[in-house]
Amino acid sequence: MKLSRQFTVLGSAVFCVVIFSLYLMLDRGHFDHPKSPRREGTFPKGQLSILQEKIDHLERLLAENNEIISNIRDSVINLSESVKDGQKNPVTINFSQGSQLDLFRSAPTLLSVDSEDCLFASKSGSHSSDVQMLDVYDILPFDNPDGGVWKQGFDITYNENEWDSAPLQVFVVPHSHNDPGWLKTFDDYFRDQTQHILNNMVIKLQEDNRRKFIWSEISYFSKWWDGIDSQRRDAVKRLIKDGQFEIVTGGWVMPDEASAHYFSLIDQLIEGHQWLERNLGVKPKSGWAVDPFGHSPTMAYLLKRAGFSNMLIQRIHYSVKKYFSAQKTLEFFWRQNWDLGSSTDILCHMMPFYSYDVPHTCGPDPKICCQFDFKRLPGGRVSCPWRVPPEAIHSGNIQHRAWMILDQYRKKSKLFRTKVLLAPLGDDFRYAESSEWDQQYQNYQKLFDYMNTHPEFHVKAQFGTLSDYFEALRKESNLGEGSSSPLFPVLSGDFFTYADRDHHYWSGYFTSRPFYKRLDRVLESHLRAAEILYSLALIQSHKYNKMSVFPSVDNYKLLTEARRNLGLFQHHDAITGTSKDWVVVDYGTRLFHSLMNVKKVIIDSAHILILKDKGAYNYDTSTPFLKMDDAQSSQDSLPHKTVIKLTSQPRYLLIHNPTDQERFSVVSVIVSSPRVKLLSPLGKPVTVQISAVWDGATTVSHEAYQVSFLAHLPPLGLGVYQLLEVPSSEANLAEYNIYMSGRDSVQEKSDRIFKIKEMQNSVDNIILENSYMKLWFSGTSGLLEKINTKEDGKNHQMKVEFAWYGTTSNRDKSGAYLFLPDGDAKPYIFTDPPTVRVAHGKIFSEVVCFFHHVTHTMRLYNVQGLEGQSLEVSNIVDIRGEYNRELAMRISSDINSRNRFYVDLNGYQIQPRLTMSKLPLQANIYPMTTMAYIQDSGVRLTLHSAQSLGVASLKNGQLEVIMDRRLMQDDNRGLGQGVQDNKITANVFRLLLERRHGTDVNEEKASVSFPSLLSHMTSSFLNHPVIPMTTNADSGVPEMLNMFSPLMSSMPCDIHIVNLRTIQSKVDTEPSDEAALILHRKGFDCRFSNRDVGLLCSTTQGKVKVHKLFNKFSVESLTPASLSLMHSPPDARNMSEINMSSMEINTFRIRLR
């Protein structure tokens, strides 16, 4: 299609004016973003080649403005590539617009945030709940008086005729708590106990239709199901249909709620619910969490979004339980702190007593309740510690026994607001033997029959499922499925940190086995990348008729196994670090194998996505097209970079950006030669920094060199760079100063490539700086002391130090669960100053301190935009030779934080915390999944974390994080061992200092807080690092696209793609043509300086146009679903626009082609 000459001239003129004004704007440094980032699709199809000519013409016109023009030209080349690719809509990321054009010269960009998008954070938290947990903590004395038979409670009395008008309804709910790994591995427990429990369940429930049973862990249930015949399967389906057997929660596991990230919490829920839908057609509606060590409102939110109406929790601080019992607030509507209405309310039942075992569930007196645990009848293997055994029920004792247990039921019911009572009946791995089913069910049935036929008892007692109980409760209190009721209070807040007795706070497990807490997150980010790339590759292999070649089924099996291994690790004895050593190895091996497997899926998917000619796609298992640039040799070793061998022939370096934002990230790879040249995806030379690869603190290895450069990558996409060896390189070499004790003079170390000076540790400061900040480090320890923020020229004290905690000299000591320190931490003392190695370079500078137990690195990137604005902190910790010690990193600042600090819950939301002097030190430690911050009216300091650890702010202006713990004894919670299997562990953080403005006084008391957009993005980049890959073959590499851009542009700044997860087909283990698209709209605080934030996105009030989402893929259908795909709204139609409220997580069923 040829256009007339006039049009061309006119077009060129307009184009010139646009470019020139852009140039002028840039010159004045006021390069503002357009309102919306979605500014593609403005080129009609046929004009691409003409655009190319226009741009050539412009280049001659505006030679001096070369940089900008070449960028725009690159964009167009990219566009025409995609058209040749047979693409329907030639739209791609305009990969120049809105980006800093000179990466090392400041071009301030103002973030385009819709002012309406700022309202959410300012209004949030103004909504009052009846019970706010921060206030409860404020009121409680946390004393621990003896409460009589109910040790941690009080005496309960009642009036005999309270039930005359309406009887007490009792639901006895038999259950068996099956840990997927703890004292035995998952497989051993299944073989020895779990399979027998489920086998007996089928037989015993069929003997009497009044019998009931509940089950929660689908990891076990699915393993059992796979091994049973169709007859038993049909029996199970019948029992479910008749309401005798209920699946509660139905996740893969009963997850920990402190250390687990919301990605994995959702993923294990989907895995369980999808399995149930495919195999049983069941949709759970009640949550059951009796064993996680403290409870998070994130879990309540996820269950609500999955379509649940009710939930139950158990392990909560004994003082809170006592207070709630006295106030009769054990049943409440749990509402999110940030909820402006009541849409997040979910009915929650909190168990009142010490444990979920039988002695602590029938009523307040364990000595009596134990006599109604008929597994403990004399002659069995378990007995009652209160020394009064149960008696089998017979006509001679039934009247007395019935009154005994009814008295307990009545007392327990006095703690609640209705005449419906829940009495769980079970314990760990119960009901394994046929005889136990008979003992419990027959004796209880006799009691029920007796009580129910004697009107003077005023009781109706029966076996029930969890949902039987909640349905009766809702009926009694006139509650519809959805509505809240005036009968139950509304509660907001969380239930950390848990204590089960005395000062025994369970804050140790927030850090225990930190090596695996880190591995968990590495697998998580790789699994997410694999899921998304696989989903896209699957569509392309369909489109280009490569389904017979692309290993879709094999890779789907690997993905499924990885989902399940990651899901298994979210179990409350796995990620928590509270299982036996060999069980930890079993979990670690599963994580490790799945990490290898998802890397294979990433490589196989990237292969087909990046090829220019899909017809040339061929899959060869023996020699994969690509390989990762890192390797890990075993489940308990740290990963290491592999060396990329360079020749004069280019080696391709593919870099995947797993975030949904256009990204400038510093990428470092290891190569075989220092004479290196790097070409960008558009064939332009890229500035690189060559750094030494060190063997220990002071020895340079000349086998390998580190190449670092700033990569510019499309969201969720791939960029293809080229590495080659050249005769002489213009690369920038890093220069080194090494500070060591015992050096009297500065010595030039002879090295054929690098400039290295060795000198005595000095009193002078070491200084690093970039365009955002200047840092001062101690010349003796190499640790950070002060930060100057260049935007306002202010100095901030920022002392980093390490400290040791010991454990008490009392009988009770710290262990895997408990933190029982011997007082405040002692400073980390070193007799000789550490060796300190300082690197100065074009792309980054860093200070590395070599202490005996930790190698501590602070790296500052000399780049514009996000990565230059925070400090990268990494610690390699090794405390394998220590005895009852825990190592903490502490940051002390001059921020006036007033005992308040803020910690995330599950990477999903921020929970304000108050350090309380009335509580012991260990109670003031809280779980951190991704970030913790302190602030005053002027600044906020955020510690971003790439792994879950325990965190505290014990003094004004301080943040500290516990990095590893080695404990020589058991802490009497059933594990039967200490924590002595420590590994060399890497902890990675980012330290972000932001200037606040427009803050008000009341805000410090608010029950809610939000990160800034810059903070959210920093966290996202830290948790989803780019993934470099190299081509395997030295020769014969087929032609590749220079870039793969699956999205039209960055997502709005506040909308995150949690996952794009291909759904399994209904019939077998193959993938279907549908995927789950999960989106999260983040809540953020606007009251921060947003000059030069360098974010390449804008906000859009939570709206996303579906047809403008993907590039090269068209959306065939997009329909809303509940979080875990169990439910679809009755009016679910194909959507053209996604519209999300702040903090919302939404799942959609999507078909792409």
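Asn1059 stands opposite Ile1078 in strand β49. The model under discussion is predicted. The pair belongs to the antiparallel pairing of β48 with β49 (residues 1071-1081), which extends over 8 bridges.

These strands form part of an open sheet of 4 strands, in the order β48-β49-β53-β51 and with antiparallel pairing. Its edges are β48 (1055-1064) and β51 (1115-1121), each of which pairs on one side only. Neighbouring strands in the sheet are turned by 25° against each other on average, direction ignored. Helix α9 (residues 262-279) packs on this sheet and touches β48, β49 and β53 (1145-1152), its direction making about 25° with that of β48. Helix α16 (residues 514-543) also lies across β48, β49 and β53, but runs at about 60° to β48.

Strand β25 (residues 735-740) has 5 of its 6 residues buried, so the rest of the structure largely encloses it. Ile738 of this strand stands opposite Glu758 in β27 and has Arg837 as its bridge partner in β33. The pairings of β25 are listed below.

| Partner of β25 | Sense | Bridges |
|---|---|---|
| β27 (residues 755-760) | parallel | 6 bridges |
| β33 (residues 835-840) | antiparallel | 5 bridges |

Helix α14 (residues 434-453) contains 20 residues; at 1.5 Å a residue it should span 28 Å, and its end C-alpha atoms are 28 Å apart, which agrees. Its buried residues include Trp437, Tyr441, Tyr444, Leu447, Phe448 and Met451. Among the elements covering the buried residues of α14 are helices α6 (186-206) and α13 (398-413), together with strands β4 (168-177) and β11 (420-428).

Conventions
Residues are numbered from 1 along each chain as its sequence is written. This is a predicted model: local features need pLDDT of at least 70, side-chain atom pairs count only at pLDDT 80 or more; totals for chains, interfaces and linings use all residues. Side-chain values use heavy atoms; hydrogens and water are left out. Helices (H or I, at least four residues) and strands (E, at least two) are DSSP runs, numbered from the N terminus. The expected span of a helix is 1.5 Å times one less than its number of residues. Buried means under 20% relative accessible area, exposed over 50%, partly exposed in between (1.4 Å probe, protein chains only). Contact means heavy atoms within 4.5 Å. Two strands pair if DSSP finds at least two bridges between them. Axes are lines fitted to C-alpha atoms, for helices over the stretch in contact, and angles run from 0 to 180 degrees between N-to-C directions.
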